[in-house]
Amino acid sequence: MSVIVPDEILTATRMTEAEMRQEIAIMLFQQEKLTLAQASRFAGMHRVAFQHLLASRHIPVHYGVEDFEQDIQNLREMGRL
């Protein structure tokens, strides 16, 4: 599924496309709709960079079993396990 954000919305918010993606990812992470791994991918950021972004906003990171399993799967797909 693709979501199109009109340019006038980006202009009104004074945000870039990357910033909008980050804001959506943060919101969905806070609402526990996305895991840390999913939210960082949606934001187009490395997981550690996304964690730093969350920390800069004083948003706690909930790293549970699902996040751990996703990280293991990602490492396997990258050939690191």
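**Reading the aromatic pair and its surroundings**

Mentor: Phe29 counts as buried because its relative accessibility is 2%, where buried means under 20% relative accessible area, exposed over 50% and partly exposed in between (1.4 Å probe, protein chains only). This is a predicted model, in which local features need pLDDT of at least 70 and side-chain atom pairs count only at pLDDT 80 or more, while totals for chains, interfaces and linings use all residues. Residues are numbered from 1 along each chain as its sequence is written, and side-chain values use heavy atoms, with hydrogens and water left out.

Trainee: How many aromatic pairs does a search of the whole structure find?

Mentor: Rings of Phe, Tyr and Trp (its six-membered ring) pair if their centres lie within 6.5 Å; planes under 30 degrees apart count as stacked, over 60 as edge-to-face and the rest as tilted. Here the search of the whole structure finds one pair. Its partners are Phe29 and Phe50, in an edge-to-face arrangement with 6.3 Å centre to centre and 90° between the planes. Because Phe29 lies in helix α2 (residues 17–30) and Phe50 in helix α4, the pair ties together parts that are 21 residues apart in sequence. Helices (H or I, at least four residues) and strands (E, at least two) are DSSP runs, numbered from the N terminus.

Trainee: Is Phe50 buried or exposed?

Mentor: Phe50 is buried, since its relative accessible area is 0%.

Trainee: Which residues is Ser40 in contact with, leaving aside its neighbours within four places in sequence?

Mentor: Contact means heavy atoms within 4.5 Å. With those neighbours set aside, Ser40 contacts Met45, His46, Arg47 and Phe50. Ser40 belongs to helix α3 (residues 36–43), and its relative accessible area of 3% makes Ser40 buried.

Trainee: Where does the charged end of Arg21 sit?

Mentor: A charge sits over a ring if NZ of Lys or CZ of Arg is within 6 Å of the ring centre and within 35 degrees of the ring normal. In this model, the charged end of Arg21 is placed over the ring of Phe42, 4.7 Å from its centre.

Trainee: What does Glu23 touch, not counting residues up to four places away in sequence?

Mentor: With those residues not counted, Glu23 touches Met15 and Arg57. Glu23 is located in helix α2 and counts as partly exposed, at 30% relative accessibility. From Glu23 to Val48 the separation is 25 residues in sequence and 16 Å in space, C-alpha to C-alpha.
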